[in-house]
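Please keep the sequence and the coordinates at hand while reading.

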Amino acid sequence: MTDRIDLGLKDANAGCACCAAPSNIEASTPVAAPVSEDVLVTGMTCSHCVSSVSEELSALDGVASVTVDLNTGGSSRVTIRSAAPVDPAAVKAAVEEAGYSLATSQA
């Protein structure tokens, strides 16, 4: 059995650099929650369509991921996850660049 060595770290201010809390900590800035936005895209019929739209949208600044719920008989739901809201005009342009269009709302 080994003997323990007392390092004299009895108070909270006498810790090593790896585990002692720095005394000059400012209030941390909260990290913004990721943004998730759904758009409806028309004309997609296969996995190649999904790949094309996903590739174009993923290239937009700030986009972390893109998922597609393919609906071959109508509008497919595309979910865009990003750190901040993505410009709707950029989303429209990316979808059109892939060869498809955003569905118009009936509301």
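**Core and contacts**

Leaving out residues up to four places away in sequence, Val91 touches Val39, Leu57, Leu60, Ile80 and Val86, where contact means heavy atoms within 4.5 Å. The model is predicted, so local features need pLDDT of at least 70 and side-chain atom pairs count only at pLDDT 80 or more, whereas totals for chains, interfaces and linings use all residues. Residues are numbered from 1 along each chain as its sequence is written, and side-chain values use heavy atoms, with hydrogens and water left out.

- Val91 is also listed, together with Leu57, Val78, Ile80 and Tyr100, among the residues with the most contacts inside the largest nonpolar core, which has 18 residues; such a core is a set of buried Ala, Val, Leu, Ile, Met, Phe, Trp, Tyr and Cys residues joined through side-chain atoms within 4.5 Å.
- Strand E1, helix H1 (47–58), strand E2 (63–69), strand E3 and helix H2 each supply at least two residues of this core, and H1 gives the largest share, four residues.
- In soluble globular proteins, nonpolar side chains tend to be buried together.
- Of the 107 residues, 21% count as buried, which is defined as under 20% relative accessible area, with exposed set at over 50% and partly exposed in between (1.4 Å probe, protein chains only).

**Fold and sheet**

- The secondary structure comes to two helices and four strands, taken as DSSP runs of H or I (at least four residues) and of E (at least two), numbered from the N terminus.
- Along the sequence these elements follow the pattern β-α-β-β-α-β.
- E1 and E3 run antiparallel and are joined by seven bridges, and Ser36 stands opposite Arg81 in E3.
- Among contacts between residues at least 6 apart in sequence, 62% join residues at least 24 apart.

**Salt bridges and a polar contact**

- Two salt bridges are counted, each requiring a side-chain nitrogen of Lys or Arg within 4 Å of a carboxyl oxygen of Asp or Glu.
- In one of them Asp38 pairs with Arg77, with the closest N and O atoms 3.8 Å apart; this pair links distant parts of the chain, since Asp38 lies in strand E1 (residues 35–42) and Arg77 in strand E3 (residues 76–82), 39 residues apart.
- Both partners are partly exposed, Asp38 with a relative accessible area of 41% and Arg77 with one of 40%.
- Lys92 and Glu96 meet in a salt bridge at 3.3 Å, N to O, and, being four residues apart in helix H2 (residues 88–97), they are separated by about one helical turn.
- Lys92 is partly exposed at 42% relative accessible area, and Glu96 is partly exposed at 41%.
- Thr79, found in strand E3, counts as buried at 10% relative accessibility.
- The side chains of Thr79 and Asp38 are joined by a polar contact of 2.6 Å, that is, a pair of N or O atoms within 3.5 Å in which, within protein, one must be able to donate a hydrogen and the other to accept it, residues adjacent in sequence counting only if both atoms are side-chain atoms.

Methods. Pairing = 2+ DSSP bridges.
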